[in-house]
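The points are grouped by topic below.

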Amino acid sequence: MRNDTRRMVFLALLVAMATALHVAEGMLLVPLPIPGVKLGLANIITLLTLHLFGFKDGFTVALMRVVLGTLVSGMFLSPGFMLALTGAVSSTLIMALLLKYTRCFSMVGVSLAGAAGHNIGQLLAACLLLQSSSVMYYLPVLLMAGIPAGLITGLLLNSLLEHNIKSGILNDFKRT
Amino acid sequence: MTRADKILLAGLLLVSLLSVAAAGSRFFLLSGKSEPLQAVIMSQGKQVRRINLSAGGRSSFAVQGRSGYSTVEIEGGRIRMLNAPCSGQICVKQGWIEHSGQTIVCIPEEMLIRIEGAAPVDAVTR
Amino acid sequence: MIRRNYILLTLFLLVAGLCIFQYSRRTCEYRSDQFLMDTLVSIKAYGTNAGTVKNAVDAAYVEMHRIAELADGFPKPGTAAWNSSDVCRINEQAGIKPVTVHKDVIAMVTLARKYFELSNGAFDVTIDPVMDQWGFGGENPHIPPPGALGTALALVDSRNLLIDEQARTVFLRTKGMKLDLGAVAKGYATEKAAEVLTRHGITKALIDAGGNIRVLGRNVRDTPWKIGIKDPRKSEAIIAVVSMENAAAVTSGDYYRHFESGGKRYHHILDPRTGYPANQNMSATVVTRDAGLADVLSTVFFVLSPEKALEMAGRIPGVELFLVTADGQIRHSPALNSRLEIKEGSAYHYDPSR
């Protein structure tokens with residue numbers, strides 16, 4: 001019981017942080033005429049959740065982040081929402097799969113893959129939305145923009161996990 | 001960073017660079033806003049107005065329909081039917097539209113507001 | 001361990017810094033509209049510093065107001081507007097003595113005089129007495145009786161418009177002569193506004209002074225500005241699009257102030273040689289670098305016959321002409337070919353081989 005409550009509270013905090021990141025990175029101007037295109041910095045929270053709590057909770061946090069984030073920035077149910085949703089779903093999926101089935105990647109690799117998945121997913125959605133494949137020309141830009149984002153979030157998480165080994169602050173929240 | 005991480009990183013960098021090369025000259029960073037939209041207002045089958053939605057500020061104007069005047073309002077890139085003499089008021093209740101392809105229709109008044117794609121011109125000399 | 005964190009922190013700050021820097025350097029747009037010279041003037045300008053852009057546009061409007069005041073022929077004597085108007089004072093002293101004026105008025109009048117000569121009288125800013133006879137400035141335009149028209153027409157002659165550049169004076173030699181800078185002032189003011197914007201460092205802008213267009217540089221997407229040419233008979237339609245950068249486009253047309261009488265259309269661009277509305281063309285659009293020149297030339301070419309207009313346009317470097325002739329044909333300078341797109345489906349006949 002106590003564990004569940006703590007878990008819920010922590011999840012709620014994670015959702016809040018992810019939403020804040022989502023909104024904040026929406027204010028960074030990306031030089032593309034597609035609404036809602038983002039770097040994917042909010043992935044750091046998704047990845048952390050996946051690591052600590054597993055697939056189901058990770059997905060929940062990601063979805064809630066998209067809903068709340070778009071509500072706050074006034075893009076709920078707009079094309080930007082669709083893009084954010086597909087981005088979040090694709091990146092969460094990739095990261096979850098990598099975390100579960102591979103051992104060779106550290107957080108850096110997973111988050112890089114997540115960032116790439118996020119951006120590719122967004123572009124595919126934009127393609128469908130705008131009914132034009134010319135959107136794919138932005139793939140190089142987005143991929144390149146996603147790499148530093150993925151790198152940094154991965155390194156940050158790596159660092160956090162290493163720190164955790166020493167101090168054990170996250171252990172209370174881990175599943176097993 | 002593990003070895004696999006580094007390979008992945010290198011791989012991603014390679015793919016982006018390759019796609020830059022493939023995209024070639026189309027790889028253009030566009031700055032600024034997206035294309036400005038235009039709204040077309042039709043009344044009783046004829047085009048009454050064509051207006052840029054990207055003009056700043058709030059503006060409104062009257063359009064004559066079947067049984068009287070309706071007021072159309074534009075603000076911040078959106079357009080709506082502010083009031084109309086029809087009994088159902090469906091067009092008014094619809095509220096704002098702002099995306100290409102969206103329409104507001106008032107059937108009793110035979111009026112149509114439709115948002116069209118990118119404006120063909122930046123200004124008109126007259 | 002600690003060093004690793006510092007590296008991460010630095011990396012993060014670097015990226016954050018880069019993002020913030022990029023954000024601060026993004027292109028801002030400032031748009032503004034004001035009513036001036038009896039029309040709506042809209043300016044939109046771009047720059048990386050929002051404050052600078054706004055200041056530039058505000059200053060441009062101030063300059064346009066200044067020119068408008070100097071050239072305003074409408075104020076009545078005794079009003080403040082009359083006192084600030086050089087044109088009013090020139091008109092008042094017609095037949096009496098030369099009037100000292102601002103150098104902008106000298107510039108406008110000199111430009112007008114030059115094209116009076118070059119067009120052999122098809123353009124004449126001393127047309128005002130005849131304009132008054134038609135009543136186009138007021139609520140009730142009408143066909144003037146031939147006698148009154150003839151008397152007024154006798155006063156129209158720019159050879160009696162004397163300019164002394166050294167002394168900065170303008171003199172209308174005969175009493176009753178009146179100057180109307182309407183065909184020059186708007187374009188001139190537009191050009192001055194463009195100069196103000198440039199002085200403030202603006203490199204991308206569009207000024208729309210009631211249809212007088214002047215663009216600086218290219219548009220925000222770094223492609224040439226696309227300026228539409230209005231259909232002279234269908235108010236919502238565009239019959240052609242011109243791509244331009246660092247240029248002006250001004251149109252003179254028969255569809256502004258006009259009235260119908262006896263099935264015929266009478267509009268406000270009079271042929272100074274006859275005193276009647278020019279009837280050679282429905283509209284004439286001039287594209288050239290200077291908006292003041294474009295304004296004058298659009299009136300000149302509108303009055304001249306299509307052949308003469310195109311021939312004259314061909315002789316002036318940097319000037320391009322687009323005509324919709326009275327019989328519904330589209331003709332234009334060959335130089336426009338590379339930047340002109342004629343729209344399909346208009347009611348006018350276009351023969352690309354001419």
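The model is predicted. In it, an open sheet of four strands with mixed pairing takes strands from chains B and C, in the order β8(B)-β8(C)-β9(C)-β16(C). The contact of these two chains takes 13 residues from chain B and 24 residues from chain C.

**The sheet**
- The edges are held by β8 (123-125) of chain B and β16 (340-342) of chain C; each has a single partner strand, so one side of each is left without a neighbour in the sheet.
- From one strand to the next, the twist averages 30 degrees.
- Within chain C, β8 (residues 225-230) and β9 (residues 238-244) run antiparallel and are joined by six bridges; here Lys226(C) lies opposite Ser243(C).

**The contact between chains B and C**
- Chain B contributes 13 residues to the contact, with β2 (46-52) and β8 of that chain each supplying at least two.
- The largest share of this side, three residues, belongs to β8(B).
- By type, the side of chain B that touches chain C comprises five nonpolar, five polar and three charged residues.

**Glu191(C)**
- Glu191(C) is located in helix α8 (residues 182-199) of chain C.
- Glu191(C) counts as buried because it has 24 C-beta neighbours inside 10 Å, the cut-off being 20 or more.
- Leaving aside residues up to four places away in sequence, Glu191(C) touches Arg214(C), Asp290(C), Ala291(C) and Gly292(C).
- Val215(C) is 24 residues from Glu191(C) along the chain, and their C-alpha atoms are separated by 9.7 Å.

Note on methods:
Residues are numbered from 1 along each chain as its sequence is written. Chains are lettered from A and ligands numbered from 1 in the order in which they are written. This is a predicted model: local features need pLDDT of at least 70, side-chain atom pairs count only at pLDDT 80 or more; totals for chains, interfaces and linings use all residues. A residue is buried if 20 or more other C-beta atoms lie within 10 Å of its own, exposed if 12 or fewer, and partly exposed in between; C-beta atoms are placed from the backbone. Two residues are in contact if their C-beta atoms, placed from the backbone, lie within 7 Å. Two strands pair if DSSP finds at least two bridges between them. Axes are lines fitted to C-alpha atoms, for helices over the stretch in contact, and angles run from 0 to 180 degrees between N-to-C directions. Ala, Val, Leu, Ile, Met, Phe, Trp, Tyr, Cys and Pro count as nonpolar, Asp, Glu, Lys and Arg as charged, and the others, Gly among them, as polar.
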